[in-house]
Amino acid sequence: MAPVIALLGPTNTGKTYFAMERMQEHGTGMIGFPLRLLARENYDRLVRARGADAVALITGEERILPPTPRYYVCTVEAMPVDIPVDFLAVDEVQLAADRERGHIFTDRLLHARGLRETMFLGADTIRPVLRHLAPSVEMVSRPRLSTLSYVPPRKLERTPRRSALIVFSIAELYAVAERLRSRAGGAALVFGALSPRARNAQVGLYQSGEVDHLVATDAIGMGLNLDLDHVAFTSLTKHDGVGPRRLHPAEVGQIAGRAGRHVRDGTFGATTDLGDIPPGLVDAVEQHRFEPLRTVYWRNPRLSLSSIASLLESLEHKPPHPWLVRMRHADDQKALEVLARDPDIAALAKRAGDVRLLWEVCQVPDFRNVMTEGHTRLLSRIFGLLIGSEGGLPWDWVDRQVKALDVTDGDIAALLDRIAGIRTWTYVSHRPGWLADALTWQARTRDIEDRLADALHERLREEYANPGAALIARHGDAEIASQLADDGTLLLQGVPAGRLVGFQFEPPPGEASHALRAAANRALRAGIDARVAELCESDDSAFALTAAGAVLWRGSKVGRLLPGERLLTPQAEALASDLLDPPRRERVRRRLAEWVSDHLHRVLAPLLAALHARSSGPVRGLVYRLAESLGSAPRRKLRSAIDPLIQPERRELAGLGVVLGRRHLFMPALLEPEALRVRATLFQVRHPSAIPLPTGPVSLRSGSADPERDAACGYESLGGLLVRVDAVESLAGTAHSLARQGRLHASAALAHTLRCGPEALPGVLLALGFEKAGDGFRAREPRGRPRRRDL
């Protein structure tokens, strides 16, 4: 049997280096890393040693496959374990205990083997469980070559040079970086939402000596080899996707172990904001002695794909051993549970092949790491398009999604959001059969990601790597008094520092001080939770909707409407802001979505009530078509459905508030000013390139006619005028009555019906089907058939 070796030890003990060298002693090999960044870094290293033709790179977002590679460098999830290789290694195997990805590592520990040698790399805490997972494993310890020592807490601003400050939220990341910029010349930032390119650029900023401090989340704990002398914790509590919890001692050790390198000693400690680290934890980190893992996460490898229900049931199978814990928190399962409740998805996924495709779609990552409703909507759309297509996703649809992300302006939050979005499309472009001409899409999405990453690096550099300005120089951070006025003006030490408009900070006109902006952001972030709560608890009267689809809170833009599946079901989106991390932004979005839904149900209540009424089939069909144009539609387009209606069905329509006019089917209640404004907004959201239509007047001069827009907004274009449909019906009825009496003239009294001058009437009457007769008008005789009166 080929040997299985576990190379165990703390960080900075050369485990990865040893495994990479060992792999090259074999004819073929494969190694799996926990991060795409690490896979790319080691791929580049191996290419330099062995040449590009000998090395393949396989991650969820990137594939470089020469014709006959000898070595495969992969992320753990993307390892093609069905390819036989002499040597196989998996890095950071203690992540089998991770509640979001642990089952993947456990599967590799159980089933992935090299033909001649297998090597597992990780922390010593995995040792007891590893004996269960691989009974024949040979344990090899790798001692740390340098000493890691604890030092007492220091003020954040007095953290020594070549230090990393560790935070556990994006808000704290920015706040700490701002404080360092004002006193210590700035910092580079490392956190999970950065793309590999932006992350490398920020690390380069630190390594080059342009800044002396690094502010990082626990993303620093894996795979970053830095010239760090000291690691300072600002907190020992993190949010792990389920809730806040204390860091495990082994996690503290993993992060603290980044201080020192090879034989150079390092130190760790805390800021005075956190205080002393407990002695027991200090001793565990210094001695590298941590509580061993007793369990790891597991998922049933034999999933049933005969139906959605059976797939969900097989995901719930209990583990066969007590040291295995069933995976409950994986994003793919969460997505499947959401989509399984959608009746449209359930109707499409009937066959085993369809269920398999659905499961593959659910594995598209949410790089925003929030698993929002927007992500599951995207997955639903992708599945619906794939299931109904032979050639993959429609080119024009994907082009629109990708093109919307190809924008390099905006603030840090907007760039991070676009990077997360384009990474999703990079992942999709690597799914076999999902896109025609996949190589073109892969190159395009990678190019966009690179440009967004470069723009993000520059924003971060400008924002956090510049020296502080006069305000910060004169006052210590603790001394800067801040006040937010009712109109949103922010005062720092009594000096106006800009305005908070919604959740967007606007510095004073011409203000170029990065330090002033940093101090303002810090002051604002201190109260951001209260402001989010204030929005979420606001009465409906605090919100409004603009004609362009912007959602206002207290008169400031905080969100916007996006097209939904139908005109009546737009989606609400909270605007990106540096002050809103993904969870806070999602809270804002939910409140905006709730208000939008309530607002539409109130303003368009008659139409929605008619849609949900228990009507006869013909009536229900007509109401549905009426709803598609938001409450009014030309009668000629519905004639085939209207003509067969019997008298009780016509009374039924009238009971629902629908008028069956000569030219239009409409609901008078939806011609009130507020309803007309909402209808125009809904149409504009669906058709942003359409020319907006002023709403409310009985008639107005029309530019170019747009029948779909006009109907949705309650108007008809007649002879150069846009006329509200109720006025069209009133004018048509009066005109036909006068024509029968031979007294139809373009009079001022008749023009008053449309609130227009008499000179505009001839064109309107001609458009209504009348013709000139002497100095007046008469009804035009239909050609080829007897004249009949419209019902």
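What share of the 791 residues in the chain is buried? Buried residues make up 52% of them, where buried means under 20% relative accessible area, exposed means over 50%, and partly exposed lies in between (1.4 Å probe, protein chains only). The model is predicted, so local features need pLDDT of at least 70 and side-chain atom pairs count only at pLDDT 80 or more, whereas totals for chains, interfaces and linings use all residues. Residues are numbered from 1 along each chain as its sequence is written, and side-chain values use heavy atoms, with hydrogens and water left out.

**The chain as a whole**

- The chain has 29 helices and 34 strands, which are DSSP runs numbered from the N terminus (helices: H or I, at least four residues; strands: E, at least two).
- The C-alpha trace spans about 110 × 65 × 45 Å along its principal axes.
- The accessible surface comes to about 35000 Å², and 51% of that area belongs to carbon and sulfur atoms; such areas come from the Shrake-Rupley method with a 1.4 Å probe, and for residues only the protein chains shown count as cover.
- Of the contacts with a separation of 6 or more, 66% are between residues 24 or more positions apart, a contact being heavy atoms within 4.5 Å.

**Packing of H10 on H13**

- Helix H10 (residues 331-340) packs with helix H13 (residues 373-387) at an angle of about 70°, and their axes are 10 Å apart; axes are lines fitted to C-alpha atoms, for helices over the stretch in contact, and angles run from 0 to 180 degrees between N-to-C directions.
- That angle makes H10 roughly perpendicular to H13, the class for 65 to 115 degrees, while angles under 35 count as roughly parallel, over 145 as roughly antiparallel and the rest as oblique.
- On the H10 side the contact is made by Ala335, Val338 and Leu339, and on the H13 side by Thr376, Leu379 and Ser380.
- By class, this contact of H10 with H13 has four nonpolar, two polar and no charged residues, with Ala, Val, Leu, Ile, Met, Phe, Trp, Tyr, Cys and Pro counted as nonpolar, Asp, Glu, Lys and Arg as charged, and the others, Gly among them, as polar.

**Non-glycine residues with positive phi**

- Histidine 288, in the loop between helix H8 (279-287) and strand S17 (296-298), has a positive phi of about 55° although it is not a glycine, and histidine 288 counts as partly exposed because its relative accessibility is 28%.
- Arginine 554, in the loop between strand S24 (550-553) and strand S25 (556-562), has a positive phi of about 55° although it is not a glycine, and arginine 554 is partly exposed, with a relative accessible area of 48%.
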